[in-house]
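Please read this note with the sequence and the model open side by side. It is written for a colleague who has not looked at this structure before.

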Amino acid sequence: MPKSEASDLRITVLRLGHRPERDKRITTHVCLTARALGCDKVVVAERDDRVVEGVRDVVKRFGGPFEVESGVAWRPLLKDPASTKVHLTMYGLPMRDALPRIDPERPLTVIVGAEKVPREVYELADLNVSVGNQPHSEVAALAIFLYALQGDRAFAKEFTGQIEVQPSERGKIVRPRGEDAGG
């Protein structure tokens, strides 16, 4: 898919295999990466209210639109014919070969696993896509895939929350939204 066609693509990330006591930090990073790189929503199959509350707090403070929910049955999502399902796995087709096969007219569901993903996921996915065929972080795979899919448009979403980061060559500057850069 040409990057220019990805601008209006609706993207949902499905997080599978989340283990609340072990994976809350990585799942939160999956959510934040999805939000920052233009996705509309993350669905975490396993229920974890702490992750949902933490991500919603970031959305409230830094802006949206972005949705997150947990405890959602994943099979109906993967059986829904309305969206293209892309499973990120090191065992899939090379990303460069798979990207042109993604229809920009259909919503996209990107599947990101944690622990071992059930074989059924490989069968229900329209595309099993490999960012690389070596073990790697699912957060990194998601970020690379979203950027390869959308190009610089991955960074085009407008965020209008309570606070904003002022770009700075050195230092950290966070201020209330709309406050003059001079103070």
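The points below take up the strands, the pockets, a helix and a few single residues in turn.

1. Basis of the note. This is a predicted model, in which local features need pLDDT of at least 70 and side-chain atom pairs count only at pLDDT 80 or more, while totals for chains, interfaces and linings use all residues. Residues are numbered from 1 along each chain as its sequence is written, and side-chain values use heavy atoms, with hydrogens and water left out.

2. Strand β5. Helices (H or I, at least four residues) and strands (E, at least two) are DSSP runs, numbered from the N terminus.

3. Neighbours of β5. Two strands are said to pair if DSSP finds at least two bridges between them. Strand β1 (residues 11-16) pairs with β5 in the parallel sense over 6 bridges, and within this pairing Ile 11 stands opposite Leu 108, while Leu 16 has Gly 113 as its bridge partner. Strand β4 (residues 84-94) also pairs with β5 in the parallel sense, over 5 bridges, and here the bridge partner of His 87 is Ile 111.

4. Strand β1. Which other strand is joined to β1 by 4 bridges? The partner is β2, and the two run parallel, with Lys 41 of β2 as the bridge partner of Thr 12. In β1, 5 of the 6 residues are buried, so this strand, too, is largely enclosed by the rest of the structure.

5. The largest pocket. On a 1 Å grid over the protein atoms alone, a pocket is an open set of points with protein on both sides within 12 Å along at least five of seven lines, a cavity is a set of points where a 1.4 Å probe fits but cannot get out, and lining residues have an atom within 4 Å of a point. The largest pocket has a volume of about 410 Å³, a volume being the space filled by probe spheres set on the points, which are joined across faces, edges and corners. Of its 22 lining residues, Leu 88, Thr 89, Met 90, Gly 113 and Ala 114 are the closest to its centre. The elements that give two or more residues to this lining are β4, β5, α5 (119-124) and α6 (138-150), and β4 gives the most, with 5 residues. The lining divides into 12 nonpolar, 6 polar and 4 charged residues, where Ala, Val, Leu, Ile, Met, Phe, Trp, Tyr, Cys and Pro count as nonpolar, Asp, Glu, Lys and Arg as charged, and the others, Gly among them, as polar.

6. The second largest pocket. This pocket has a volume of about 220 Å³ and is lined by 14 residues, of which Thr 12, Leu 77, Ser 83, Pro 107 and Thr 109 lie nearest its centre. The elements that give two or more residues to its lining are β1, β2 (41-44) and β5. Its lining residues divide into 6 nonpolar, 3 polar and 5 charged.

7. Helix α2. This helix (residues 49-62) has 14 residues and reaches 20 Å from its first C-alpha to its last, close to the 20 Å expected at 1.5 Å a residue, the expected span being 1.5 Å times one less than the number of residues. Val 51, Val 52, Val 55, Val 58 and Val 59 are buried in α2. They cover an arc of only 125 degrees around the axis, which puts them on the same side of α2; the arc is that of the directions from the helix axis to the C-beta atoms. The face turned away from this buried side carries the exposed residues Glu 53 and Lys 60.

8. The loop between α2 and β3 (67-70) holds Pro 65, and the peptide bond from Gly 64 to Pro 65 is cis, with omega near 10 degrees. Ser 70 lies in strand β3 and counts as buried, at 12% relative accessibility. Its C-alpha atom is separated by 8.4 Å from that of Val 42, although Ser 70 and Val 42 are 28 residues apart along the chain.

Methods:
Buried < 20%, exposed > 50% of the residue type's maximum accessible area, 1.4 Å probe, protein only.
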